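Hello,

Here is the structure I promised to pass on to you. Have a look at it first, and my notes on what turned up follow just below.

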Amino acid sequence: MEYVIDNIAVSVVTGLRHYDKAKAVANTWGKHFKHIFYHSSTPDGSVPITALSWPKPHLRGRFKTPPLNLDDSENYHSGTYKQAYGLQDMQRRNLGVDWYYLADCDTFAHPRNLAKALEALNPNEIVYAGGDIVRGGAIKDQWPNMKNPTYAGGGSGIILSKKLVDKWCPRIGTSLLHWANPNINQNKWWATDAFFGYEIHRLFGVTTTELPGFYSHSYEHYCPIPQEDKDKIVLHRTPD
């Protein structure tokens, strides 16, 4: 079967301070997708935002000393909720798609390359994929009970098959409680991509599939910035 771009639903997670980036996505690669949603918590006239809400008490107790206002729906930590509930929002729309692509507003994807890469995969199987696979000892320290763990880095975006989404979405609320429970996660902060990887591995036992070539790295990947200048120049960052 030849897959086309219309068989992919896209969630672009953004934040109030980064709607200029979401607008850039909408004006470039985002306009090629029929099913694309810009998930945040605050509506805005310049970007077609799908506003999400979630139970804020989930975040309470996550830290012994909270580093921020946990009632703030537009901070970095809200990204996990936006991506999880954004995925659930798309699944509930019954779009009839085979694949779900989760991206940040500073991701640059190549739609035709993504559709081409998906031709080799079966959406009726549980598939968890990405273009930038994270490996290494740090993951083993966080996931001591998993053998050779990996996860799809959020910089390139996360790809999920319809079978995986249909099975996981009814349980996403429980997964978020698992992520937010300091007794389980030992007060370690897990970013959204690591959390998705952990839960998918834990619940479904699948490995991460690598799909190179459907996205562009940030400028920093090609032109490394000296460490002493890191605080002066920011070319790529996850939305707050």
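One term before we start: a contact here means heavy atoms within 4.5 Å. Please also keep in mind that this is a predicted model.

Leaving aside residues up to four places away in sequence, Leu87 touches Tyr100, Leu102, Leu160, Val165, Trp168, Cys169, Ile172 and Phe196. Leu87 belongs to the largest nonpolar core, which has 30 residues. Together with Tyr128, Leu160, Trp168, Leu176, Phe196 and Ile200, Leu87 touches the most other members of that core. Two or more residues each come from α2 (78–92), β4, β8 (151–152), β9, α5 (162–168), α6 (172–180) and α8. There is also a second, separate core of 29 residues, with Val10, Ala22, Val25 and Ile159 among them.

Now to the overall picture. The chain contains 9 helices and 11 strands, and 52% of its 240 residues count as buried. Among contacts with a separation of 6 or more, 76% are between residues 24 or more positions apart. The accessible surface is about 11600 Å², and carbon and sulfur atoms account for 48% of this.

Next, the sheet. Seven strands form an open sheet with mixed pairing, in the order β3-β2-β1-β4-β9-β6-β10. The edges are β3 (49–51) and β10 (209–210); each has a single partner strand, so one side of each has no neighbour in the sheet. At the β10 end, β6 (residues 128–130) runs parallel to β10 and is joined to it by 2 bridges. There, Gly130 stands opposite Glu210.

Helix α1 (residues 19–27) touches β1 (8–13), β2 (35–40) and β3, and its direction makes about 180° with that of β2. Helix α8 (residues 192–204) touches β4 (99–104), β6 and β9 (158–161), at about 150° to the direction of β6.

I looked at α8 in some detail. Its 13 residues reach 18 Å from first C-alpha to last, close to the 18 Å expected. How much of α8 is covered? Mostly covered is the answer, with 11 of the 13 residues buried.

Best wishes

Terms used
Residues are numbered from 1 along each chain as its sequence is written. This is a predicted model: local features need pLDDT of at least 70, side-chain atom pairs count only at pLDDT 80 or more; totals for chains, interfaces and linings use all residues. Side-chain values use heavy atoms; hydrogens and water are left out. Two strands pair if DSSP finds at least two bridges between them. Helices (H or I, at least four residues) and strands (E, at least two) are DSSP runs, numbered from the N terminus. Axes are lines fitted to C-alpha atoms, for helices over the stretch in contact, and angles run from 0 to 180 degrees between N-to-C directions. The expected span of a helix is 1.5 Å times one less than its number of residues. Buried means under 20% relative accessible area, exposed over 50%, partly exposed in between (1.4 Å probe, protein chains only). A nonpolar core is a set of buried Ala, Val, Leu, Ile, Met, Phe, Trp, Tyr and Cys residues joined through side-chain atoms within 4.5 Å. Accessible areas come from the Shrake-Rupley method with a 1.4 Å probe; for residues, only the protein chains shown count as cover.
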